[in-house]
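Here are my notes for you on this one. Have the structure open and follow along point by point.

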Amino acid sequence: MAGSDALDDWAPTGVDTSVPSIARVYDAMLGGKDNFAVDREVAERIRKVLPITREGAWEHREALARGVRYLAAQGIDQFLDLGSGLPTVQNTHQVAQAATPGARVVYVDNDPMVLAHGRALLAGDDCTEVVTADLREPEDVLSRPEVRALIDLERPLGLLMVGVVHHLADDEDPVGLVKRYLDAAAPGSHLFLTHFRSQPPTTDALERVFLSMLGTGRFRTQEEIEALFGSLEMVDPGVVALPLWRPDATTKPSDGHSDLIAAGAGRKPA
Ligand code: SAM
């Protein structure tokens, strides 16, 4: 066991500490403290198959920050972060507001701990909200009062789906779900999305551990990830391994493992 149950008495009410949660496992991979023994066990199993798990998770967070900065540079000043995860460092609102003071951000996650921790982090910030909702219900998400208060769907929106669509199964229609969000968004809106990329046989063992312990979803091929962008105009360089997506001075070159996750951005035409 990677951690001790004795340290886990602090669970917020309503949080089941006997079942791993995607948000808490990801926090454990990043080296955070908002996780329980059951989550650390999954992170440890994943680390056995993929020793660079922690570095990979941080590369992923850095790609999220580059995506937000790129969208902000296109004039986007409102973001809907679907499957936002537990707060850590360089959260979307911090990156967006550093680029554009007053940028508005709504975090959406179906894990109740994200709301509990997000509220604490965001006390006094009128430009950022956290909503507990299921991203598989776009009409519900988009009609939430917190979303309506901060996001104007008549203006370009930054839609972020980072590390979450690979948790959706095919019968949950990921292509159709992304389209329903984009149909509701104004021209000029952008999608930034990252996704585990299947490269059999290299990724088979990782995918098995990952999905058997965390539930549904699957890794997808390059073509399947590209299809998620539908009719958007793709931003250069298209869908590529994380370190190749608009790297900056701090981005480490690909080490082969980092090809596991692909990133891409697209723009909704007029
Ligand atoms: N986007 C964040 C990042 O890149 O750091 C977090 C990624 S984490 C791997 C995936 C997140 O998606 C988790 O916090 C999980 O709770 C959330 N999630 C998974 N399925 C979801 C759903 N159907 N609706 C809303 N959130 C979901």
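1. Let's start with helix H3, residues 53-73. H3 has 21 residues and runs 30 Å from its first C-alpha to its last, close to the 30 Å expected at 1.5 Å a residue. Bear in mind that this is a predicted model.

2. Which residues of H3 are buried? Quite a list: Thr53, Ala57, Glu59, His60, Ala63, Leu64, Ala65, Arg66, Gly67, Val68 and Leu71. When you look for a pattern, remember that an α-helix has 3.6 residues a turn, so residues three or four places apart point the same way. After H3 comes Gly75, with a positive phi near 95°.

3. Now compare H1, residues 22-29. Eight of its eight residues are buried, so H1 is largely enclosed by the rest of the structure. Charged Arg24 and Asp27 are among those buried residues. What do they pack against? The partners are helix H2 (37-49), H3, S2, helix H5 (112-122) and helix H9 (204-214). Gly31 follows H1 and has a positive phi, near 90°.

4. Next, the ligand. There are 21 residues around it, and Ala23, Gly83, Gly85, Val162 and Gly163 come nearest. The elements giving two or more residues to this shell are H1, H3 and strand S2 (104-109). By type, the shell splits into nine nonpolar, seven polar and five charged residues.

5. You'll find Leu86 in the loop between strand S1 (78-82) and helix H4 (92-99). Is Leu86 buried or exposed? Leu86 is buried, because 24 other C-beta atoms lie within 10 Å, and 20 or more is what counts as buried. Leaving out residues up to four places away in sequence, Leu86 touches Ala23, Arg24, Asp27, Gly32, Asp34, Met113, Val114 and His117. As for Glu62, it is 24 residues from Leu86 in sequence and 15 Å away in space, C-alpha to C-alpha.

6. Finally, zoom out. The protein has 10 helices and eight strands. Its radius of gyration is 18 Å, close to the 18 Å that the globule rule gives for 270 residues, so the protein is as compact as a globular protein of that length. Along the principal axes, the C-alpha atoms fill a box of roughly 50 × 45 × 40 Å. Buried residues make up 44% of the 270. Of the contacts between residues at least 6 apart in sequence, 71% join residues at least 24 apart.

Key. Residues numbered from 1 in each chain as written. Predicted model: local features only at pLDDT ≥ 70, side-chain atom pairs only at ≥ 80, totals over all residues. Near = placed C-beta within 6 Å. Helix = DSSP H or I, 4+ residues; strand = E, 2+ residues; numbered from the N terminus. Buried ≥ 20, exposed ≤ 12 C-beta atoms within 10 Å, placed from the backbone. Contact = placed C-beta atoms within 7 Å. Expected span 1.5 Å × (residues − 1). Rg over C-alpha atoms; globule rule 2.2 N^0.38 Å.
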